[in-house]
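Welcome, and thanks for taking a look at this model with us. The notes below walk through a pocket and some helix packing.

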Amino acid sequence: MGKYVVRRLLQMVLVLFGASIILFLALFVIPGDPIATSQGEGHQLDKASHDAIARRYHLDQPLPQQYVGYVGRLLKGDLGESYSYRRPVTTIIREKIGNTAKLAVAAIVLEIALGIIAGIIAAVFRYSFLDVLVTLSTTVAIGVPTFVIGLALQNVFAVNLHWLPLQGQQAGRESIILPAITLAAVNIALVARLMRGAMSEVLRADYIRTAYAKGLSKRVVIMKHALRNSIIPVLTYLGISFGALLGGALITETVFNWNGIGLALVGAIQQQDNPIVLGVVTYGVAVFVVVNLIVDISYAFLDPRIRLE
């Protein structure tokens, strides 16, 4: 078990290193002048000011030297300084991450509650009306783009019914309902599909028939035996999903003007504020691989076969 954890940690470091190279090259090779763009439209810099800013952010150095400096600062926890705001990127992320975390947690709770329950119902009552209803609704949810779901929810519950706020976070807890549903909608459908498939396969296993033969109730067989053995693929997806959600939900935060790191990333891309883009994406990759490591380690507690390996 210890060797497995060490191996996964080394893989995580390699993934982060490879991602940093790709991100750095992608941002600094694309055409454009990030210094001029970050100043905004209608604001022209003279050559002396432009050169001074370039020296401040080490943009006058060759690209390999810039990357070495970036990695050195990154190892110290320094993600650089924003061109536009002249503030540390770590401070900006720290201010935004709380809002994104709230949205991600709300979405993952909906995925677990609705997705797993729907999948269990569809598997237990296979080919029934409930199964068909779950299959059809998940197919529709997967096929509809996230921004369409968000706009539809806004139109129905905010514009027409006036039950919930349209955008922003001024309304308190009610503000998170529509963004959370929007963010979770596709993942709820995918979790339900995964749960239905895994549960259906487990329910046909020999040990499930043996459990019924021993006189165990249907509820005990499903919740104690079938659920534990069918939830591993779902847990894998939930881990990946939560990492992606916590990394920043660009579309949802943009549609609902949710002040999180996803919205900050969109603004930074528009302004070509490379330090923010690099910092947010690097943070998202780090969260993604850490969550996946936690999910992989948790397998050992759910499946004794993995523990023995």
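Which helices each supply at least two residues of the lining of the largest pocket? They are helix H1 (2-29), helix H4 (63-75) and helix H14 (274-302). Helices here are DSSP runs (H or I, at least four residues) numbered from the N terminus.

A word on the ground rules: this is a predicted model, where local features need pLDDT of at least 70, side-chain atom pairs count only at pLDDT 80 or more, and totals for chains, interfaces and linings use all residues. Residues are numbered from 1 along each chain as its sequence is written, and side-chain values use heavy atoms, with hydrogens and water left out.

**The pocket**

The largest pocket holds about 250 Å³ of space. A pocket is an open set of points on a 1 Å grid over the protein atoms alone, where a 1.4 Å probe fits, with protein on both sides within 12 Å along at least five of seven lines; lining residues have an atom within 4 Å of a point. The volume is the space filled by probe spheres set on the points, which are joined across faces, edges and corners. Of the 16 lining residues, Tyr57, His58, Arg73, Gly80 and Glu81 lie nearest the centre of the pocket. H4 gives the most to this lining, with three residues. By class, the lining has nine nonpolar, three polar and four charged residues. Ala, Val, Leu, Ile, Met, Phe, Trp, Tyr, Cys and Pro count as nonpolar, Asp, Glu, Lys and Arg as charged, and the others, Gly among them, as polar.

**Helix packing**

Two packed helices are described by the angle between their axes and the distance between the axes. Axes are lines fitted to C-alpha atoms over the stretch in contact, and angles run from 0 to 180 degrees between N-to-C directions.

| Helix pair | Axis distance | Angle |
|---|---|---|
| H6 (129-143) and H8 (177-203) | within 8 Å | roughly 140° |
| H9 (206-213) and H10 (218-230) | within 10 Å | roughly 160° |
| H5 (89-124) and H8 | 6 Å | about 35° |

H9 and H10 are therefore roughly antiparallel to each other, a label for angles over 145 degrees. In their contact (heavy atoms within 4.5 Å), Tyr207, Ile208, Ala211 and Tyr212 of H9 meet residues of H10 including Lys218 and His225. That contact divides into seven nonpolar, two polar and one charged residue.

H8 takes part in two of the pairings tabulated above. The contact of H5 with H8 has 22 nonpolar, four polar and two charged residues. On the H6 side, residues including Asp131 and Thr135 meet H8 residues, among them Arg193 and Arg196.

Technical notes:
Parallel < 35°, antiparallel > 145°, perpendicular 65-115°, else oblique.
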